[in-house]
Amino acid sequence: MNQSKWIILTIIIACQLIVVLDASIMITAIPQIGRSLHMTATSLTWVQNAYILPFGGFLLLGARAGDLLGLRRMLGVGIGLFSLASTLAGLAPTAEFLLVSRAFQGFAAALATPAALALLSASFVEAKERARAIAIYSAVSAAGGSIGLLLGGFLTDFISWRVGMFINVPIGIALLYLVQKYIQKTGTRTGRFDFWGAIVSVIGMTALVYGFVQAADRGWGEPEIWILLAAGIIMLAAFVLIEARAAEPIIPLRLFANRQRSGAYLGRFLLVCGNFSLFFFIPQYLQNVLGFSSLEAGVAFVPFTGAQFGMMYLMPGLVHRFGNRKVLMAGLLLAIISTLWISRIVAVQAQFFPQMFILLTIMGIGAGMAFQPLTAMGLSNVDPHDTGAASGLINVAHQSGSSMGLAILISVFDAAIRTDQPSKMHFAQAISSSILGSVLFVTSALIATLICFLPASQPTREKALTDS
């Protein structure tokens, strides 16, 4: 890989890191945010979801914009808006201002992220270079959550949670300069934006997530909860109909014609449903049961992050020797076993070292083995004019899984705790129940990928590309 390609890869990774990191950087700061902006426990969940929902919902529109207006242009616009939104979030005087700024951040991230992944796909076409680039990209995407916990904890304890927003600004300015200098202009083409498809999908996902969060706060007996959930399902069904009839849809349904590629999208969604929620619940356990500070809770995820980055260097060799499928299955099995074990030791209020330390390391290895094959399979055999949509769909699966999994498992936590003033024992057992829900999600990911990746009659070339 020559120097210019390393620079391009660095730009792509830095862009991906700041948008993924911002999904978790606030988690260890949640108690301080609640005190400074007078937010309730339920409203604090929207510090996460206000960012994640627009991010996931508008990714496909962002991917389409990159196809039509040019990847370099959309990458620059997305980074610029993200820097502006980060400034506003850091200055937020009220809870409402913060949530609107976070939603603005999510929208900006949705413009930049698919352009970055599409540039990776276009810039690295040789098999070994592409495998290495995807391994690094996947490691950063998956480990960004734990890096955010560590950085957020440090800034919260020693400075302020607001600095976690402000640090995006100088990084964004540097990236804007590098994008203009080192990224070549890509072609533009005429076409239409599937605006209604994007809006309907965002409304549908928001209604579902809001319904689950409200159920956690008010209980399942309220008719409004069921109305919200039904509305979300209806809107998502309408989204599928819109895409089937649109002349230029943001999700070409032909992307799902390949069963294994569809399995990669579904598997990623289910894996993230379980995996991302751990970044929310385990720090709560460490802080509220074991008495860790925000920084200590962030440092506790270093074993996970270190193991995941370590796998980045081993993955090309493992995939070359065993193929994507076998490596993916082994990674999911490791994630299931380690997460199930953590749910058991949390229930008895076990100390962090050595069991949780070891299990977080195993979880990092499992995640590192799973995300790269899912990324590679999600991009396999895609026609060049669908590259932006396919890269956007990978990120949609990731961000939708983040918001949906967290919303559902918060409901599990609330149902398990059953009191406004829980003891440490009750809190630990409720966290254990939520982590057990994560196990079910990751197990579902394994089952879904096993079914979708079963050998099927397909052209030899397609099979070879999928396994490689």
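H38 sits in the loop between α2 (30-37) and α3 (41-69). The model described here is a predicted one. Phi of H38 is near 55°, a positive value in a residue that is not glycine. With a relative accessibility of 71%, H38 counts as exposed, because exposed means over 50%.

**Backbone details**

A second residue with positive phi is Q349, where the angle is near 60° and the residue is again not glycine. Q349 is found in the loop between α14 (324-347) and α15. Its relative accessibility is 29%, so Q349 counts as partly exposed. The peptide bond that joins F353 and P354 is cis, with omega at about 10°. P354 belongs to helix α15.

**Nonpolar cores**

How many residues does the largest nonpolar core have? It has 134, and the residues with the most contacts inside it are I33, L75 and M356. Helix α11 gives the largest share of this core, 14 residues. M356 touches I282, Y285, L286, I342, I345, V346 and Q351, leaving aside residues up to four places away in sequence.

M369 lies in helix α15 (residues 352-378). Its relative accessible area is 11%, so M369 is buried. Beyond residues up to four places away in sequence, M369 is in contact with M311, M315, V327, L328, A330, G331 and L334. M369 and S160 are 209 residues apart along the chain, and 35 Å separates their C-alpha atoms.

**Aromatic pairs**

Over the whole structure, a search finds 13 aromatic pairs. One of them joins F280 and F281: the ring centres are 5.3 Å apart and the planes stand at 85°, so this pair is edge-to-face. F280 and F281 are both buried. F281 also pairs with F413, and this second pair is tilted, with 6.1 Å from centre to centre and 35° between the planes.

| Ring pair | Centre to centre | Angle between planes | Class |
|---|---|---|---|
| F280 and F281 | 5.3 Å | 85° | edge-to-face |
| F281 and F413 | 6.1 Å | 35° | tilted |

Elsewhere, F276, F279, F301 and F304 are linked into a cluster by ring pairs.

**Charged residues**

The structure holds one salt bridge. Which side chains meet in a salt bridge? They are those of K5 and E129, at 2.9 Å from N to O. This pair, too, links distant parts of the chain: K5 is in helix α1 (residues 3-21) and E129 is in helix α6, 124 residues apart. E129 has a relative accessible area of 17%, so E129 is buried.

Another glutamate, E243, is in helix α10 (residues 223-245). Is E243 buried or exposed? At 3% relative accessibility, E243 counts as buried, because the limit for buried is under 20%. Apart from residues up to four places away in sequence, E243 touches D194, G197, P249, I250, I251 and L253.

**A nonpolar surface patch**

F154, F158 and I159 make a nonpolar surface patch of about 330 Å². One of these residues, I159, lies in the loop between α6 (127-158) and α7 (163-166). I159 has a relative accessibility of 54%, so it counts as exposed.

Note on methods
Residues numbered from 1 in each chain as written. Predicted model: local features only at pLDDT ≥ 70, side-chain atom pairs only at ≥ 80, totals over all residues. Heavy atoms only, no water. Helix = DSSP H or I, 4+ residues; strand = E, 2+ residues; numbered from the N terminus. Buried < 20%, exposed > 50% of the residue type's maximum accessible area, 1.4 Å probe, protein only. Contact = heavy atoms within 4.5 Å. Phe/Tyr/Trp six-rings, centres within 6.5 Å; stacked < 30°, edge-to-face > 60°. Patch = residues over 30% accessible without salt bridge, like charges linked within 9 Å, V, L, I, M, F, W, Y side chains within 5 Å. Areas by Shrake-Rupley, 256 points an atom, 1.4 Å probe, with all protein chains shown as cover. Salt bridge = Lys/Arg side-chain N within 4 Å of Asp/Glu carboxyl O. Core = buried A, V, L, I, M, F, W, Y, C linked by side-chain atoms within 4.5 Å.
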